Amino acid sequence: MAKKLTQNQKLFIAEYLKDRNATRAYFAAYPSVKSENAARVNASRTLTKANIKAAILKGIDAQEKRTQISADKTLREIARVGFSDIRKLFDENGNLKSVAELDDDIAAAIAAVEVITTGSGDNI
């Protein structure tokens, strides 16, 4: 039979599930702890407890079901940005491609577009 979770442990788990930062979660759950080292060591110990591990896995599973976002999907999107190639924004003549011409990976890697208009009349 699994040990019941204390209120502090429940808070630790909830905070941990936000960003997977155990030290930060420990500080949130145990505010009387002032030392970064103590929080880090105790957070590490807390993560090894079977009932904590089980609750975290259950929470991660619930997050993935709720958001339809898995760690794998997140890593794929990070890879799209990290491995994007700016040259794919331009055609063989060095002209910027239209949005419709961009492949899915390049389109996903673009965070913003800034349009600067210069000139006037027919010379824009």
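**Definitions set against values**

Modeller: D104 lies in helix α6, residues 104-109. This is a predicted model: local features need pLDDT of at least 70, side-chain atom pairs count only at pLDDT 80 or more, and totals for chains, interfaces and linings use all residues. Residues are numbered from 1 along each chain as its sequence is written, and side-chain values use heavy atoms, with hydrogens and water left out.

Biologist: What makes residues 104-109 a helix?

Modeller: Helices are DSSP runs of H or I, at least four residues, and strands are runs of E, at least two, numbered from the N terminus. Residues 104-109 form such a run, helix α6.

Biologist: Why is D104 called exposed?

Modeller: Its relative accessible area is 60%. Exposed means over 50%, buried under 20%, and partly exposed in between (1.4 Å probe, protein chains only). So D104 is exposed.

Biologist: How far is D104 from T48?

Modeller: Their C-alpha atoms are separated by 41 Å, and the two residues are 56 apart along the chain.

Biologist: Why are α2 and α3 called roughly perpendicular?

Modeller: The axes of α2 (residues 22-29) and α3 (residues 36-47) cross at roughly 100 degrees and come within 8 Å. Axes are lines fitted to C-alpha atoms, for helices over the stretch in contact, and angles run from 0 to 180 degrees between N-to-C directions. Angles of 65 to 115 count as roughly perpendicular, under 35 as roughly parallel, over 145 as roughly antiparallel, and the rest as oblique. Therefore α2 is roughly perpendicular to α3.

Biologist: Which residues make that contact?

Modeller: A22, T23, Y26 and F27 of α2 meet E36, A39, R40, N42, A43, T46 and L47 of α3. Contact means heavy atoms within 4.5 Å. The set divides into six nonpolar, three polar and two charged residues. Here Ala, Val, Leu, Ile, Met, Phe, Trp, Tyr, Cys and Pro count as nonpolar, Asp, Glu, Lys and Arg as charged, and the others, Gly among them, as polar.

Biologist: How do you know that D19 and R24 form a salt bridge?

Modeller: Their closest N and O atoms are 2.8 Å apart. The rule asks for a side-chain nitrogen of Lys or Arg within 4 Å of a carboxyl oxygen of Asp or Glu. D19 and R24 meet it. D19 is partly exposed at 40%, and R24 is partly exposed at 28%.

Biologist: How many salt bridges does the rule give?

Modeller: Eight. One of them joins K65 to D61 at 2.7 Å. Those two sit four residues apart in helix α4 (residues 50-67), so about one helical turn separates them. K65 is exposed at 55%, while D61 is partly exposed at 36%. Another salt bridge pairs D85 with R87 at 2.6 Å. D85 is partly exposed at 21%, and R87 is exposed at 62%. Shared partners link E15, K18, D19 and R24 into one network.

Biologist: What makes E15 buried or exposed?

Modeller: Its relative accessible area is 11%, so E15 is buried. E15 is in helix α1. Beyond four places in sequence, E15 touches R24, A25 and A28.

Biologist: How many residues does the largest nonpolar core have?

Modeller: It has 15 residues, and F12, I13, Y26 and I56 have the most contacts inside it. Such a core is a set of buried Ala, Val, Leu, Ile, Met, Phe, Trp, Tyr and Cys residues joined through side-chain atoms within 4.5 Å. The elements giving two or more residues are α1 (7-19), α2, α3 and α4. Beyond four places in sequence, I56 touches I13, Y16, L17 and L47.
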